[in-house]
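I opened my notebook with this structure on the screen. Here is what I looked up, entry by entry.

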Amino acid sequence: MDLSQFNFPFDQTLVAKYPVHPRDHARLLVLTRSTGEITDRQVKDLPNTLRPGDLLVVNNTKVIPARLWAKKVPSGGRVELLFVKEIGEDHAEVLIQGRVGVGQILECAGSARAQVVEKEPGRTVIHWLGPGTLRAWFLSHGEIPLPPYLKRQPVARDQEDYQTVFAKVEGAIAAPTAGLHFTPQLITQLAENGIGTATITLHVGPGTFQPVKATDVERHVMHPEWFEVSEGTARRICEVQKRGGRIIAVGTTVARSLESALDETGEIRACSGETRLFILPGFQFRVIDGLLTNFHFPETTLLMLVSAFAGLGEAREAYAHAVRERYRFYSYGDAMLIHE
């Protein structure tokens, strides 16, 4: 499969720099897979768009203040650290903006120090020298890591706007953006219409946004991301499926988690660990029946997953419609529902 198949003409002015308020007033493009029909609605219409008996599965990961500024010792050169994951108590994988080599000492806010101990393309490991623990330092001194394409600094409102109402388990460096559209009132209305919710956890990492550089997209390798499907969620999914209800994944992270949690018999099971699942057109979805997702960059693994679920031609038509109708794109943008 060629990378160019996942390109489309795009207007950069469609990138949403701030979210809509209330959240559920964002626009919603609804694509019906069986007919190819496209309709324009709002997220707040979901209770009357989905069916009684459907189950929405959401990601309850919580974004941590993963961006931290530091300076090189002794030169004083400024670098940016983006926390990826802990490796034991005092080591962590990070992304670094700035030139550093193995052995480099970095001084962070409050005179805390770290040393670069591993450096290779796409991966840097630091040894945290303290004081205090690495995680505590990020939580107290870090910034919310807004996506760089927003081209603005975080504001106080982003502390709330860039978390979903489901956020509970700390560990993500980016929000599972499809979940940003939900409000407590919308969840109540969905429940009143017989539409349930269940949670999984996938800590969004750099793999979600890692650019696809290979022209032959099947050669791309996903960065591992930690996920968990609980026994309660696995049981609920099985029950809904047996009753004939549909499983609607709220976001690509949920779709990848659920499709990664199948056992050898094809049944969803409780599990946790890392997933590298890369979903391309031709993939056989065995768990999800619907997908709620934001609009993504061209030539990304996110768009490839959407194209796999909707159909490559159908996805291209939907995106062309979204561009014509000036839907708002990316993290703070509008949403798309793909279902039967």
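**Entry 1: two helices crossing**

I began with helix α7 (residues 301-310) and helix α8 (residues 312-324), whose axes come within 6 Å and cross at roughly 115°. For these angles, axes are lines fitted to C-alpha atoms, for helices over the stretch in contact, and angles run from 0 to 180 degrees between N-to-C directions. Helices (H or I, at least four residues) and strands (E, at least two) are DSSP runs, numbered from the N terminus. I noted that this is a predicted model, in which local features need pLDDT of at least 70, side-chain atom pairs count only at pLDDT 80 or more, and totals for chains, interfaces and linings use all residues. Residues are numbered from 1 along each chain as its sequence is written, and side-chain values use heavy atoms, with hydrogens and water left out.

The crossing of α7 past α8 is right-handed (left-handed if the near helix is turned anticlockwise from the far one by less than a right angle, right-handed if clockwise). Which residues meet there? From α7 I listed L303, S307 and A310, and from α8 L312, E314, A315 and Y319; contact means heavy atoms within 4.5 Å. I sorted the residues of this contact into 5 nonpolar, 1 polar and 1 charged. In that sorting Ala, Val, Leu, Ile, Met, Phe, Trp, Tyr, Cys and Pro count as nonpolar, Asp, Glu, Lys and Arg as charged, and the others, Gly among them, as polar.

**Entry 2: the open sheet**

Next I traced an open sheet of 9 strands with mixed pairing, in the order β2-β1-β17-β16-β14-β3-β12-β13-β15. Two strands pair if DSSP finds at least two bridges between them. At the edges stand β2 (38-42) and β15 (271-275), each with a single partner strand, so one side of each has no neighbour in the sheet. On average, neighbouring strands here are turned by 25° against each other, direction ignored.

Inside the sheet I checked strand β3 (residues 55-59) and strand β14 (residues 247-250), which run parallel and are joined by 3 bridges. L55 has I247 in β14 as its bridge partner. Helix α5 (residues 231-243) lies across β3, β12 (196-202), β13 and β14, at about 135° to β12.

**Entry 3: helix α6**

I then turned to α6, which lies across β3, β12, β13, β14, β15 and β16 (290-294) and runs at about 85° to β12. How many of its residues are buried? I found that 8 of its 9 residues are buried, so α6 is mostly covered (buried means under 20% relative accessible area, exposed over 50%, partly exposed in between, with a 1.4 Å probe and protein chains only).

V254 in α6 has a relative accessible area of 0%. Leaving out residues up to four places away in sequence, V254 touches V57, V58, N59, I200 and A249. Its C-alpha atom is 9.8 Å from that of L292, 38 residues apart along the chain. T252, also placed in α6, is buried at 9% relative accessibility.

**Entry 4: salt bridges**

I counted 14 salt bridges in the structure; a salt bridge is a side-chain nitrogen of Lys or Arg within 4 Å of a carboxyl oxygen of Asp or Glu. R135 and E170 form one, with their closest N and O atoms 3.9 Å apart. R135 lies in helix α2 (residues 134-141) and E170 in strand β11 (residues 169-172), so this pair ties together parts 35 residues apart in sequence. Both ends are partly exposed, R135 at 27% and E170 at 36%.

For R152 and D158 the closest N and O atoms are 2.9 Å apart, and both residues are buried. R256 and E225 form another salt bridge, at 2.7 Å. R256 lies in helix α6 (residues 252-260) and E225 in strand β13 (residues 225-229), so the pair ties together parts 31 residues apart in sequence. Both R256 and E225 are buried. Salt bridges that share partners also join K71, E107 and R113 into one network.
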